[in-house]
Structure formats: C-alpha cells, structure tokens
Amino acid sequence: MRRFLVPVRVAVGGIFVAFGVNSFLAFAPMPELPGDAGTFLTLLSESGALGVLRVLQTAAGLLLLADRFVPLSLVVLAFVQLNVLLFHLFFEPVMLPVALLLFAMLAFLIWSYRHSFVDLLASRAEPAD
C-alpha cells in the first residue's frame, strides 16, 4: 500500500491544481451545463464562492504536490471533493464515476495519513494554555 502513496498523492494534487488553474485561465474550456446544474454554477460564480473554492483547491493541490502540510491539504480537499461528489450525484451524473474515483483516491490518502487526524477526533479536546 505504501508504494501507491506518492503516485496517488501526486495524481490527486495534480488533478486539483489542473482544474483549479483551468477555472482561472480556461486553457481547457468547460462545456455549458444545462438546466439546474448550469444555474447552480452560475450562482456560485456570481457570488464569488466559486472563486474562493478554486483558490483553496489550487493551493491545497500545490501543497500535496510539494509534499508539505499534507494533512491540512487533505482536510481542505475532503470538503471540496464532497461538494464535487454531491454536484455530480444530483446535477451531472454522467461524470459520477470519475468523481467516485477521485473520492476513493482521496479516502486512500486520508487513511494513509490517519495518524495525523487522531487529535481531531478526540471527544473532549483540551485548550492550549
């Protein structure tokens, strides 16, 4: 399992960086989405929320590629990927298998770094002095 860690980390980081940068530079134009999916993305874009999401996903992807702050990057990307998965589940099911594959890769990374999340899962946390 350990031999897959670096290739999966680089692949996940590269995917999030590529899609994050593409949303700003549009080097691979995205097709217009019909119906509710298009309306949803338009509202997110006009509100500025999509821009914040893209900056976060690009930064977290770059950190994964650089092998720096990996647990923090995984926490950020888990929320981004959950939104991607729900979007494809409810609005655009054609790409759901790709979203599930990326979700599985991210889950593998989170499992591999699970020792870093032990304190986050404490039922009673103590504040610092």
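Guide: Before we look at this predicted model, one term is needed: a salt bridge is a side-chain nitrogen of Lys or Arg within 4 Å of a carboxyl oxygen of Asp or Glu. Residues are numbered from 1 along each chain as its sequence is written, and side-chain values use heavy atoms, with hydrogens and water left out. Because the model is predicted, local features need pLDDT of at least 70 and side-chain atom pairs count only at pLDDT 80 or more, while totals for chains, interfaces and linings use all residues.

Visitor: Why is the pair Arg9 and Asp67 called a salt bridge?

Guide: The closest N and O atoms of Arg9 and Asp67 are 3.7 Å apart, and the limit is 4 Å, so the pair meets the rule. The pair links distant parts of the chain, with Arg9 in helix H1 (residues 5-25) and Asp67 in the loop between helix H3 (49-66) and helix H4 (70-90), 58 residues apart. By this rule the count comes to 1 salt bridge.

Visitor: What makes a stretch of chain a helix here?

Guide: Helices are DSSP runs of H or I with at least four residues, strands are runs of E with at least two, and both are numbered from the N terminus. The protein has 5 helices and 0 strands.

Visitor: Is Arg9 buried or exposed, and how do you know?

Guide: Buried means under 20% relative accessible area, exposed means over 50%, and partly exposed lies in between, using a 1.4 Å probe and protein chains only. Arg9 has a relative accessible area of 6%, so Arg9 is buried.

Visitor: Which class does Phe91 belong to, and why?

Guide: Phe91 has 31% relative accessibility, which lies between 20% and 50%, so Phe91 counts as partly exposed. Phe91 is found in the loop between H4 and helix H5 (96-112).

Visitor: How do you know that the length of helix H2 agrees with its number of residues?

Guide: The expected span of a helix is 1.5 Å times one less than its number of residues. Helix H2 (residues 35-47) has 13 residues and should span 18 Å, and because its end C-alpha atoms are 19 Å apart, the two values agree. Just after H2, Gly48 takes a positive phi of about 95 degrees.

Visitor: How much of the protein is buried?

Guide: Of the 129 residues in the protein, 28% are buried.
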